[in-house]
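Reader: I have a structure here that I would like to talk through with you. Could you take my questions one at a time?

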Amino acid sequence: NLIKLLNDNPEVKIQINGHTDNQGSEEYNMLLSESRAKAVYNYLVDKNIAPNNLAFKGYGESRPIADNENEENRQLNRRTEFEILK
């Protein structure tokens with residue numbers, strides 16, 4: 001769906017945001033979240049999405065959508081999202 005959206009609207013620019021749970025060090029989680037976001041970026045570029053319409057950023061454990069009290073909630077925090085910039 002995202003590839004179709006970007007192909008149908010070539011003026012749209014997005015940022016892929018990577019996130020983690022709170023397991024591990026902050027430094028490790030920052031690197032992991034950036035790697036997640038970059039993997040999505042690379043996938044989209046491989047699908048012929050213009051790289052200048054894409055950005056990526058890792059947020060580590062700084063933006064949870066659920067508390068990290070149990071495994072189910074930690075799984076929710078391990079994610080990538082996209083944000084429309086333009």
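Reader: Which exposed residues does the face of α2 turned away from its buried side carry?

Author: Happy to start there. In this predicted model, local features need pLDDT of at least 70 and side-chain atom pairs count only at pLDDT 80 or more, while totals for chains, interfaces and linings use all residues. Residues are numbered from 1 along each chain as its sequence is written, and side-chain values use heavy atoms, with hydrogens and water left out. Exposed means over 50% relative accessible area, buried under 20% and partly exposed in between, with a 1.4 Å probe and protein chains only; on the face of α2 turned away from its buried side, the exposed residues are E27, L31 and D46.

Reader: And over what arc do the buried residues of α2 lie?

Author: The buried residues of α2 are N29, S33, A37, Y41 and L44. They sit on the same side of α2, because the arc they cover around the axis, taken from the directions from the helix axis to the C-beta atoms, is only 110°.

Reader: What covers those buried residues of α2?

Author: Helices (H or I, at least four residues) and strands (E, at least two) are DSSP runs, numbered from the N terminus. Contact here means heavy atoms within 4.5 Å. The cover of the buried residues of α2 includes α1 (2–8), β1, β2 and β3.

Reader: How far does α2 reach from its first C-alpha to its last?

Author: Helix α2 has 21 residues. The expected span is 1.5 Å times one less than the number of residues, and α2 comes close to the 30 Å expected, with a reach of 30 Å.

Reader: Is strand β1 largely enclosed or open?

Author: Let's look at both faces. I14, I16 and G18 on one side of β1 are buried, and so are Q15, N17 and H19 on the other. Six of the six residues of β1 (residues 14–19) are buried, so the strand is largely enclosed by the rest of the structure.

Reader: In which sense do β1 and β2 pair?

Author: In β2, L54 stands opposite I14, and F56 stands opposite I16. Five bridges hold the pairing of β1 with β2 (residues 54–58), and its sense is parallel.

Reader: What handedness does the β-α-β unit of β1, α2 and β2 have?

Author: Picture the strands pointing away from you: a crossover is right-handed if the path from the first strand over the helix to the second runs clockwise. The unit made by β1, α2 (residues 26–46) and β2 is right-handed.

Reader: What is the class of the aromatic pair found in a search of the whole structure?

Author: That search finds one aromatic pair. Rings of Phe, Tyr and Trp (its six-membered ring) pair if their centres lie within 6.5 Å; planes under 30 degrees apart count as stacked, over 60 as edge-to-face and the rest as tilted. The centres of the Y41 and F56 rings are 5.2 Å apart with the planes at 55°, so the pair is tilted.

Reader: Is R74 buried or exposed?

Author: R74 belongs to helix α3 (residues 71–77). Beyond its neighbours within four places in sequence, R74 is in contact with D21, N22, Q23, D67, N68 and E69. With a relative accessibility of 16%, R74 counts as buried.

Terms used. Two strands pair if DSSP finds at least two bridges between them.
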